[in-house]
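Student: I am new to this structure. Could we go through it in questions and answers?

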Amino acid sequence: MLASGFAAATVSKWLFFGTIISSFLVSITDIKHLFHIQLVPHIWRYKQFWRLLIWQSCYNSSSELLFGVMTLYNLRIIERLWGSRKFASFLLATILPTLLIPPILLILLRPITFSALNVLPAGPTPLTFALLAQYHATIPYIYEYRLLLSSSSTDTLTLSDKSLVYLSAAQLALSSLPGSLISAAAGWLIGVAWRRDLGPELWTTWRIPAWINGGKQGLGGDFEQLQRQVEREGRGTGIEVVNREAESIQRHRR
């Protein structure tokens with residue numbers, strides 16, 4: 001889990017650099033106006049429904065790109081925990097809901113806000129927050145620290161090593177209000193629904209074929225082989241703890 005860079009996180013690397021490259025190309029070719037969604041006029045008047053399929057392809061502003069890729073980089077630990085196969089399966093399983101649910105929410109909320117809600121900024125913010133929901137649920141904090149808010153020792157703010165990840169994600173969610181917040185909220189809800197099996201069984205259990213990623217299981221190798229080796233080489237309290245740890249990691253990967 002402490003490996004640097006994109007070690008054992010191939011899919012995260014492609015997602016990270018793909019987002020940067022697509023945003024750069026869209027910027028230099030001056031076609032950024034094709035990727036965000038405005039209900040009026042893009043959808044209702046001009047019937048540009050193709051925007052619903054491409055709006056997560058890139059970011060249109062440098063600030064959103066910065067906070068977006070910072071968050072994606074920090075979330076690569078999910079791929080190391082799950083393995084590339086499960087990670088890629090999650091991305092493919094949630095891409096359609098994250099493409100369609102934010103625009104649907106925008107349509108539902110627009111009349112309530114007297115047409116104030118009309119724009120969804122471009123960028124994979126919903127997909128990022130779906131991943132962030134998995135990070136929140138599965139990755140424990142390593143340490144905590146306190147910040148003094150005043151001269152009084154009682155006025156403190158307790159943070160953890162995960163706080164910086166949430167901070168970059170919060171800046172992404174607040175970068176293009178109110179549309180970016182709708183995208184972030186929708187992505188988080190989709191991620192929670194996937195984790196809690198709140199949908200068709202196939203949605204949460206489907207995996208891409210193993211041959212696509214060469215049968216690789218991610219950082220640490222084959223945990224079933226580790227478990228068999230532990231059972232073969234010894235017994236005792238310490239070995240049993242390692243055995244239970246291997247079983248726990250294997251359950252996370254499924």
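Student: Which residues form a nonpolar patch on the surface, and what is their accessible area together?

Tutor: This is a predicted model, where local features need pLDDT of at least 70, side-chain atom pairs count only at pLDDT 80 or more, and totals for chains, interfaces and linings use all residues. Residues are numbered from 1 along each chain as its sequence is written, and side-chain values use heavy atoms, with hydrogens and water left out. A patch joins nonpolar side chains (Val, Leu, Ile, Met, Phe, Trp, Tyr) within 5 Å, from residues with over 30% relative accessible area and no salt bridge (a side-chain nitrogen of Lys or Arg within 4 Å of a carboxyl oxygen of Asp or Glu). Here Ile-142, Tyr-143, Tyr-145, Leu-147, Leu-149, Leu-157, Leu-164 and Leu-167 together have, by the Shrake-Rupley method with a 1.4 Å probe, about 810 Å².

Student: Which elements give two or more residues to the patch?

Tutor: Elements are DSSP runs numbered from the N terminus: helices (H or I) of at least four residues, strands (E) of at least two. Those asked for are strand S3 (144-148) and helix H8 (163-173).

Student: Is Tyr-143 buried, partly exposed or exposed?

Tutor: Tyr-143 lies in the loop between helix H7 (125-138) and S3. Buried means under 20% relative accessible area, exposed over 50%, and partly exposed in between. Tyr-143 has 46%, so Tyr-143 is partly exposed.

Student: At what angle do the axes of H4 and H8 cross?

Tutor: Axes are lines fitted to C-alpha atoms, for helices over the stretch in contact (heavy atoms within 4.5 Å), with angles from 0 to 180 degrees between N-to-C directions. The axes of helix H4 (residues 62-74) and H8 come within 9 Å and cross at roughly 145°.

Methods
Patch = residues over 30% accessible without salt bridge, like charges linked within 9 Å, V, L, I, M, F, W, Y side chains within 5 Å. Buried < 20%, exposed > 50% of the residue type's maximum accessible area, 1.4 Å probe, protein only.
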